[in-house]
Amino acid sequence: MIRTKRWNDTIEPADGVRLLVCRYRPRGVRREAEPWDSWLPQLGPSKELHAAVYGKHGAPISWDEYAGRYVAEMKAQGFWIRALGVRAARGETLTLLCSSACEDEARCHRTLLSALIVNAQG
């Protein structure tokens with residue numbers, strides 16, 4: 001099972017393994033207080049894509065462009081996506097965690113990544 005949350009959402013026993021999938025590590029979180037089990041920055045959007053969606057070098061890109069570019073970037077991360085797919089297929093619950101500022105789950109890479117992992121299950 002694949003779940004998605006923000007990294008600062010309440011930890012629940014049903015979360016299983018909590019994976020931070022942001023390119024940037026949240027500021028101000030002490031290593032010993034991290035509310036995630038592993039950090040996989042390679043599954044977050046690239047620095048360039050992150051900048052593009054927030055309009056750091058011009059007008060912000062659309063969700064559709066962002067989604068397409070993110071999925072294309074993740075083709076290079078097939079090993080990680082397949083590995084997570086195997087874990088989920090074996091019954092392990094994985095919770096993909098994103099930024100505390102990312103409030104709209106439907107417009108977040110964690111939802112796109114979840115679909116990629118589900119598709120990798122076969």
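Biologist: What should I know before I start?

Modeller: Residues are numbered from 1 along each chain as its sequence is written, and side-chain values use heavy atoms, leaving out hydrogens and water. This is a predicted model, where local features need pLDDT of at least 70 and side-chain atom pairs count only at pLDDT 80 or more, while totals for chains, interfaces and linings use all residues.

Biologist: Okay, the sheet. In what order do the four strands of the open sheet stand?

Modeller: Strands are DSSP runs of E with at least two residues, and helices are runs of H or I with at least four, numbered from the N terminus. Two strands pair if DSSP finds at least two bridges between them. Here the order is β1-β4-β2-β3, with parallel pairing. β1 (2–6) and β3 (38–39) are at the edges with a single partner strand each, so one side of each has no neighbour in the sheet.

Biologist: How many bridges join β1 and β4?

Modeller: Five, in the parallel sense; Lys 5, for instance, has Leu 97 as its bridge partner in β4. β2 and β4 pair over four bridges, and there Arg 18 is partnered by Thr 95 of β4. Strand β2 (residues 17–20) also pairs with β3, over two bridges.

Biologist: Are the residues of β4 buried or exposed?

Modeller: First the general idea: in a regular strand the side chains alternate between the two faces of the sheet. Buried means under 20% relative accessible area, exposed over 50%, and partly exposed in between, using a 1.4 Å probe and protein chains only. In β4, five of the five residues are buried, so the strand is largely enclosed by the rest of the structure. Leu 94, Leu 96 and Cys 98 are buried on one side, and Thr 95 and Leu 97 on the other.

Biologist: Which strands does α3 lie across?

Modeller: It lies across β1, β2 and β4 (94–98), at about 135° to β4. Axes are lines fitted to C-alpha atoms, for helices over the stretch in contact, and angles run from 0 to 180 degrees between N-to-C directions. α4 packs on the sheet too, touching β1 and β4, and its direction makes about 165° with that of β1. Contact means heavy atoms within 4.5 Å.

Biologist: Now helix α2. Which of its residues are buried?

Modeller: Trp 63, Tyr 66, Ala 67, Tyr 70 and Met 74. Down the axis of α2, they fall within an arc of 95°, so they line one face of the helix; that arc is taken from the directions from the helix axis to the C-beta atoms. The general idea is that an α-helix has 3.6 residues a turn, so residues three or four places apart point the same way. The cover over the buried residues of α2 includes α1 (47–53), α3 (78–89) and α4 (109–120).

Biologist: Last one: how many salt bridges does a search of the whole structure find?

Modeller: It finds 11. A salt bridge is a side-chain nitrogen of Lys or Arg within 4 Å of a carboxyl oxygen of Asp or Glu. Asp 15 and Arg 18 form one, with the closest N and O atoms 2.6 Å apart, and both residues are buried. Another joins Arg 25 and Glu 34 at 2.9 Å, N to O; Arg 25 is buried at 19%, whereas Glu 34 is partly exposed at 27%.
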